Amino acid sequence: MRKIISFTHISLDGFLAGPNGEMNWIKIDDEIFAHVEKRISQGDTALYGRVTYDMMESYWPTAADKPNATRHDIEHSKWYGKSHKIVLSKTMKDSNLANTTIISDNLADSIHKIKQQGNNEILLFGSPTATHALMQLNLIDGYWMFVNPIILGKGIPLFKNIKDTIKLKLMTSRIFTSGVTELSYIVDSQ
């Protein structure tokens with residue numbers, strides 16, 4: 001069965017973004033990109049909320065074609081183009097988007113069906129509203145977080161309105177030269 005892994009950059013105090021969605025505090029460099037590319041390349045499915053999907057769709061399909069495209073832009077653009085996209089949205093309509101599934105209702109049933117198809121991880125990229133909805137239904141199987149060395153004090157939290165305690169098991173950790181720390185957890189079902 002496939003697992004949904006929440007992939008996020010967070011502040012030390014647990015925020016995904018500033019109060020107005022600011023993400024300019026996130027440290028990203030070639031070392032982190034190379035590390036992330038290895039894991040992402042093993043997957044074939046991305047899960048987004050509508051806002052994050054719109055942001056990704058406005059950049060990644062043509063990122064590799066830009067004259068100043070970085071190696072990361074080229075590689076991630078290729079991956080994005082061939083990966084299946086799942087979008088959680090109550091407002092988007094399925095207008096035959098290429099390689100895209102829109103889930104607008106019956107969230108738990110729809111996600112359970114998708115988890116039964118294949119073995120690769122489903123990476124949930126950022127998407128605070130989608131993440132919170134999936135957390136409420138206990139549908140996230142792991143958290144792959146890049147903790148940035150900053151305290152925001154306020155913003156959009158990763159963990160919000162958690163009904164029950166979620167026990168986690170640390171799978172990997174890594175400190176990057178930028179000071180960002182990777183923490184990869186799976187939900188401990190014991």
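Predicted model: local features only at pLDDT ≥ 70, side-chain atom pairs only at ≥ 80, totals over all residues.
**Entry 1: the largest pocket**

I started with the open spaces. The largest pocket has a volume of about 1,200 Å³. I counted 41 residues in its lining, and those closest to the centre are Thr-52, Met-55, Phe-125, Gly-126 and Ser-127. Which element gives the largest share? My note says α2, with 6 residues. I also sorted the lining of the largest pocket by class and got 23 nonpolar, 15 polar and 3 charged residues.

**Entry 2: the cavity**

I noted a volume of about 50 Å³ for the largest cavity. Its lining is made of Met-135, Gln-136, Asn-138, Asn-161, Ile-162, Lys-163, Asp-164 and Ile-166. By class, that lining splits into 3 nonpolar, 3 polar and 2 charged residues. A reminder to myself on the idea behind this: rolling a probe the size of a water molecule over the atoms shows where empty space is left.

**Entry 3: salt bridges**

I searched the whole structure for salt bridges and found 7.

Arg-2 and Asp-44 came up with a distance of 2.9 Å from N to O between their side chains. How many residues apart are these partners? They are 42 residues apart, and the pair links distant parts of the chain: Arg-2 sits in the segment before β1, while Asp-44 is in the loop between α1 and β3. Arg-2 has a relative accessible area of 7%, so I put it down as buried, under the 20% cut-off. Asp-44 is at 35% relative accessibility, so it goes down as partly exposed.

The next pair is Arg-39 with Glu-121, where the closest N and O atoms are 2.8 Å apart. Glu-121 has a relative accessible area of 26%, so I marked it partly exposed.

Glu-75 and Lys-78 make another pair, with their closest N and O atoms 3.9 Å apart. Where do these two residues lie? Both are in helix α3, 3 residues apart, which is about one turn of the helix. I wrote Glu-75 down as partly exposed because its relative accessibility is 34%.

**Entry 4: Ser-83**

Last, I picked one residue to look at. Ser-83 is in the loop between α3 (71–82) and β4 (84–88). Is Ser-83 buried or exposed? Its relative accessible area is 1%, so Ser-83 counts as buried. I found a polar atom of the Ser-83 side chain 3.2 Å from the backbone oxygen of Tyr-80. Leaving out residues up to four places away in sequence, I listed what Ser-83 touches: Asp-44, Thr-45 and Asn-99. One of these names was already in my notes, as Asp-44 is the salt-bridge partner of Arg-2.

Notes. Residues numbered from 1 in each chain as written. Heavy atoms only, no water. 1 Å grid on protein atoms, 1.4 Å probe; cavity = no way out; pocket = protein on both sides within 12 Å on 5 of 7 lines; lining within 4 Å. Points joined across faces, edges and corners; volume = space filled by probe spheres on them. Nonpolar A, V, L, I, M, F, W, Y, C, P; charged D, E, K, R; others polar. Helix = DSSP H or I, 4+ residues; strand = E, 2+ residues; numbered from the N terminus. Buried < 20%, exposed > 50% of the residue type's maximum accessible area, 1.4 Å probe, protein only. Polar contact = N/O pair within 3.5 Å; in protein donor to acceptor, adjacent residues only side chain to side chain. Contact = heavy atoms within 4.5 Å. Salt bridge = Lys/Arg side-chain N within 4 Å of Asp/Glu carboxyl O.
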